[in-house]
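The following exercises are to be worked with the sequence and the three-dimensional model in view.

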Amino acid sequence: MQIGVVGLGRMGGNIVRRLARAGHSSVVFDASAAAVDALGKEGATTATSLTDLVGKLSTSPRTVWVMLPHGAATENAVMELADAMSPGDIIIDGGNSYYKDDVRRGRALAEKGLRYLDVGTSGGVWGLERGYCLMIGGDADAVSHLDPIFATLAPGIGTIERTAGRESRDPRAERGYLHAGPVGAGHFVKMIHNGIEYGMMQAMAEGFDILRNKNSDKLPVDERFDLNLGDIAEVWRRGSVVTSWLLDLTASALATDEKLEGFSGNVADSGEGRWTVEAAIEEAVPADVLAASLFVRFRSRQDHTFAEKVLSAMRFGFGGHVEAPKK
């Protein structure tokens with residue numbers, strides 16, 4: 001299939017590359033000419049503007065995947081594309097947009113006869129090799145039409161043990177992609193995913209901080225242990241209940257820098273954690289852990305503990321997120 005891709009950063013560029021490996025073709029555009037040129041040299045068709053990109057899409061319905069930061073960048077790109085596209089064409093927002101913005105944009109595009117899909121995309125800088133977990137909201141016919149694209153980007157069943165009792169259920173979920181519901185549902189599911197991620201990361205970070213401080217001079221001498229955190233992370237990876245990709249990333253960071261001296265512990269939040277807590281408030285759902293993990297990130301920009309260094313190491317590991325500069 002042919003698809004346009006706007007935004008060629010850490011994830012957008014690799015989305016183009018993963019699609020190309022499976023024989024799909026892409027027309028690409030980014031504000032960075034260097035990013036566009038790099039993918040052009042790898043075989044993608046390059047565009048000099050959004051209008052030029054739409055004009056170079058030769059299959060119908062034309063489809064454009066927008067992979068930009070949430071807010072004005074995405075809003076402006078979607079609306080400019082909408083002006084250049086025709087009824088029946090499809091616009092995908094694959095970034096981390098707020099689901100209520102998707103609902104509003106979906107209504108606006110529907111008035112023009114355009115179809116809008118919001119795709120929560122998880123996989124970070126590892127998506128090229130591992131694939132992307134996709135949570136999709138929007139028109140079912142548009143989702144079905146683009147199934148070859150989503151199936152290519154998703155991880156597939158892989159080596160994960162299959163879940164008993166799923167034989168009669170939607171097979172796409174076990175392949176790593178899901179049609180979650182109408183416009184907005186994809187980013188809502190991804191938003192809650194990221195909120196949960198905050199809580200899981202916080203629990204792991206605090207646990208390693210407790211392990212590290214077991215050698216504190218505040219403890220009786222015979223209760224002090226000088227523990228090897230890298231080895232603990234590694235042994236937990238091997239069959240323990242807390243085995244996870246986040247633990248893999250933690251073990252990798254500790255193996256090369258056990259004191260995590262390369263991280264300050266200044267931990268950013270990119271929006272989804274806040275939106276998750278807001279959703280919990282709107283629904284009157286208790287979310288103690290998720291709210292607390294968000295507030296810890298706020299505090300981390302003032303004082304830093306070892307736990308925050310662990311958080312920074314994990315964020316860098318899965319998403320290439322570089323710490324915010326000190327103020």
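**Exercise 1.** In this predicted model, determine the handedness of the crossing of helix 10 and helix 11, and state which residues meet there.

*Solution.* Step 1: the crossing of the two helices is left-handed. Step 2: helix 10 spans residues 229-237 and helix 11 spans residues 245-256; they pack at an angle of about 150°, with their axes 8 Å apart. Helix 10 is therefore roughly antiparallel to helix 11, because angles over 145 degrees fall in that class. Step 3: from helix 10, Leu 229, Gly 230, Ala 233, Glu 234, Trp 236 and Arg 237 meet Leu 247, Asp 248, Ala 251 and Leu 254 of helix 11. By class, this contact has six nonpolar, one polar and three charged residues.

**Exercise 2.** Decide whether Leu 260 is buried or exposed, and do likewise for Ala 284.

*Solution.* Step 1: locate the residues. Leu 260 is in the loop between helix 11 and helix 12, whereas Ala 284 is in the loop between helix 12 and helix 13. Step 2: examine phi. Leu 260 has a positive phi of about 50° although it is not a glycine; for Ala 284, also not a glycine, phi is positive at about 55°. Step 3: apply the accessibility values. Leu 260, with a relative accessible area of 1%, is buried, while Ala 284, at 70%, counts as exposed.

Key: Residues are numbered from 1 along each chain as its sequence is written. This is a predicted model: local features need pLDDT of at least 70, side-chain atom pairs count only at pLDDT 80 or more; totals for chains, interfaces and linings use all residues. Side-chain values use heavy atoms; hydrogens and water are left out. Axes are lines fitted to C-alpha atoms, for helices over the stretch in contact, and angles run from 0 to 180 degrees between N-to-C directions. Helices (H or I, at least four residues) and strands (E, at least two) are DSSP runs, numbered from the N terminus. Angles under 35 degrees count as roughly parallel, over 145 as roughly antiparallel, 65 to 115 as roughly perpendicular and the rest as oblique. A crossing is left-handed if the near helix is turned anticlockwise from the far one by less than a right angle, and right-handed if clockwise. Contact means heavy atoms within 4.5 Å. Ala, Val, Leu, Ile, Met, Phe, Trp, Tyr, Cys and Pro count as nonpolar, Asp, Glu, Lys and Arg as charged, and the others, Gly among them, as polar. Buried means under 20% relative accessible area, exposed over 50%, partly exposed in between (1.4 Å probe, protein chains only).
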